[in-house]
Each structure stands twice: as structure tokens, then as C-alpha cells.
Amino acid sequence: MSFDLVLQAARLPGEPESLVDIGIEDGRIAAIAPSLPEAVEIEPLNGSLVVPGLVETHIHLDKSCILERCSIHEGSLQEAIAETARAKLAFTEEDIAQRARRTLERAIANGTMHMRTHVEVDPRVGLKGFRAVRELARSYAWAIDLEICVFPQEGLINDPGSEELLEEACQQGADLIGGCPYADTQPLEHIARIFAIARRFDLDIDFHLDFDLDASWMHLDEVVRWTRLAGYGGRVAVGHVSKLSALPSKRQIEIARELADAGVAVTVLPATDLFLMGRDSDYNVPRGVTRADRLAQHGVVCSLASNNVLNAFTPFGDASLLRIANLYANVAQLGRLADFQRCFDMITAAAAKLMNLKGYGLAVGNPADLLVLPCRSPAAAVTELCPPSMGFKAGRRSFSRPPAQLMRP
Ligand SMILES: [Zn+2]
């Protein structure tokens, strides 16, 4: 048997002491064995770690890289929405495409190969964001699978015309639909209508949810209720749920069991939550980051994601998921090897499960979406923040990063 490409002497997760060859044929993993015969091309890895491409479940490409157009005084959620709404009035399709491309290319170079991007739809911006990002999905398919979740960031019932535009985007091929009930004057009706559109177009749902630290009420109950009612278990995800971070761990675990049972997945977005939450305190500031690792231990499908890059929601960012996993582990005060492994899982396999990706992972027959990391284990990738050295999308090299060199005198 001859391969198009063999990655030679690769280290696999969970097998730190042995090296294998990975044979790639027609864009798929064709064999994994201690030693494979000659191939058209051989890439010696000398013991570098090979993992499946990283999975970004929640990022806003359309409003990334607008930091210089926003003024941040409070650092609150309300301010971020208002500043973005103002900046959005000047968005053109070309402007959105340019900024989104910049963020997308950084994500690719940082190892992301699957991405769900949330795109805003409302009567002011119309479908400009949707159209711009859809074009990028086509032109970057060589490096990344990009799926589009259209959603009304400024509300639905309170913003006439939004619902029609969402439906239009769904007709034109949006991959799934999102909701933002906290931004609406009628949040419960908002949730009901999003479920109604999703069911009509047979699309999965990803909500922005419960974005504050008042745990005396939450929309999470309503999402769980609708998920059960609609038979949508395994097709609904919620992002942020920062309210959960304000609850005692015993109550968090009870809610985790309910989410797991209903099939509602959770994405935690530490960079944004750390920036926006707890602004009422000027000392002993609460972190506002929900413990995804704890929810995951109790059966919830959880992912960690970037959310925003260089805007009023998050004035930081390089679209690196390893950095987000490292940030989360640090904030959540994790210290055990198994915890770091779980953080890595939440940007790879668990994130793929949240997105219902097919054929994900290091197995013969799956697409050869492979990332090479200059370290020995996924845990080390998180603790040491190892920048990926190269990536292969469907067996073709999609990027490389030469190692830094010390120039001794
Ligand atoms: Zn978001």
C-alpha cells in the first residue's frame, strides 16, 4: 500500500511513550501503525504530538477587530452591545469580510479547523454579515469548516423585521439559528420563536444566555423546557450561562444533571466573561466564569471558546483556542493532569460533539484534519501554551510555523 503522505514518528494523545506513523490517502487517515511503507511525501515529526484540529464552537467574526471604533468606559455588557450597535451602522459587506478574514486566518494559524461563527442579523445590518461570512466559508474551505449561526443580538420581539431577516438567512443556507433572550423585552417569547424557526427549518440552536450574575432567576429553565418539548435533546447549546458561576457548587451540580438529561450543551467564554462580569465591584471582583469542567464531570457536553476578538465585548484576542483553554484553567484554579486533559477535550472532542460533527478524531477512515504540536501531551499543550507547528486539512498542509531560534553569540 502506498500513501499520499506519511506523518512519521508522531506521538498520539494518551500514548506518551510510543511513536507511530500516520498514513494519509485521499484526504483521509488510511493507517496508523508503528512503521508504514514509503509514501509520495514523508513528513518527519520526530516525536511531536499529533491531535485532531481544534474546534471553535462560538466566535463572532462579523464584529471582530473593531476595537478602535469603540469607546470603552464602563466595560459593561450594555455598553458593549450599544457600542457594537453604533459601529454596526457603518458596516459594509467588504468591511466585514476584511475584518473576519483577519480573525479567521489567525484562528487557522492557531490550529482551528472547525468553527461555528455567530453572525448578527437585524434591520440595520440586514444580511451583510451573513453574506460576507458565507463567502469566506467558501474561500477558506481548504483550511477550515465554517458554520454560520444567525442570531438577533439586539432582540427579536422588540426589533420588528428581525424575525423575517432570520428566516430569510435560514432559507439562504444558514447552518443553525441562535437567540439572545436577555436582549429582548419579551425573553420567553423570544425563546419560543427561535425554537419555532429552528423546527421549521430543521436547524440546531445555539443561545446566548443568562449573561449576568443574578442567580435568582434564569432563562436556562425555559430553554431546558423547550428542548424537551421539541424533542431537541443534543441539538441545543447555550453560551456564557455566567449566572451558574454565582451559585453554590451543590446547586450547579443539580443543574448540570438537568442539562445533561435534557441534552443541552454549554459553551463557556472566559475571555468575555472575565472582562464584562462583576463590574459592580471595585474590589474582590467576582470572576463570572462558569465551571465548564464541573458541568462536564456531571455529564454535560461542554466546550470552551473565544467569543469575541478585539471589540467592546473583549478588547483582547488572537483567536487561539489553546490560549483560551490555558486562561480558563488558570481562572478555574485547575491543577491536576486530568483537569488539563479535560480543558483540551473542551476545545477538541467535546466541542466537536457539541457541534454534532461527523468523523472527528484520530481514527482510520476519518478526514485527515491533523494538528502538530511541539509537546508530549494535550495537558502540556494547555499548561505550556504550545503554538502549533503545522496543520493538515483533509491531508493537505494548511499552515506551518517554524520554531523560534535562539541566536547565540
Ligand atoms: Zn457570543
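The lining of the largest pocket comprises 7 nonpolar, 3 polar and 3 charged residues (Ala, Val, Leu, Ile, Met, Phe, Trp, Tyr, Cys and Pro count as nonpolar, Asp, Glu, Lys and Arg as charged, and the others, Gly among them, as polar). The model is predicted: local features need pLDDT of at least 70 and side-chain atom pairs pLDDT 80 or more, while totals for chains, interfaces and linings use all residues. Residues are numbered from 1 along each chain as its sequence is written, and side-chain values use heavy atoms, without hydrogens and water.

A pocket here is an open set of points on a 1 Å grid over the protein atoms alone, where a 1.4 Å probe fits, with protein on both sides within 12 Å along at least five of seven lines; lining residues have an atom within 4 Å of a point. Of the 13 residues lining the largest pocket, L77, Q78, F211, D212 and M277 lie nearest its centre. Helix α1 (residues 77–88) gives the most to this lining, with 3 residues; helices (H or I, at least four residues) and strands (E, at least two) are DSSP runs, numbered from the N terminus.

Strand β9 (residues 176–179) pairs in the parallel sense with strand β8 (residues 145–151) over 2 bridges and with strand β10 (residues 204–209) over 4 bridges, where pairing requires at least two DSSP bridges. L176 of β9 is the bridge partner of C149, and D204 in β10 is the bridge partner of L176. From β9 the chain crosses through helix α5 (residues 187–201) to β10 in a right-handed β-α-β crossover, meaning that, with the strands pointing away from the viewer, the path from the first strand over the helix to the second runs clockwise.
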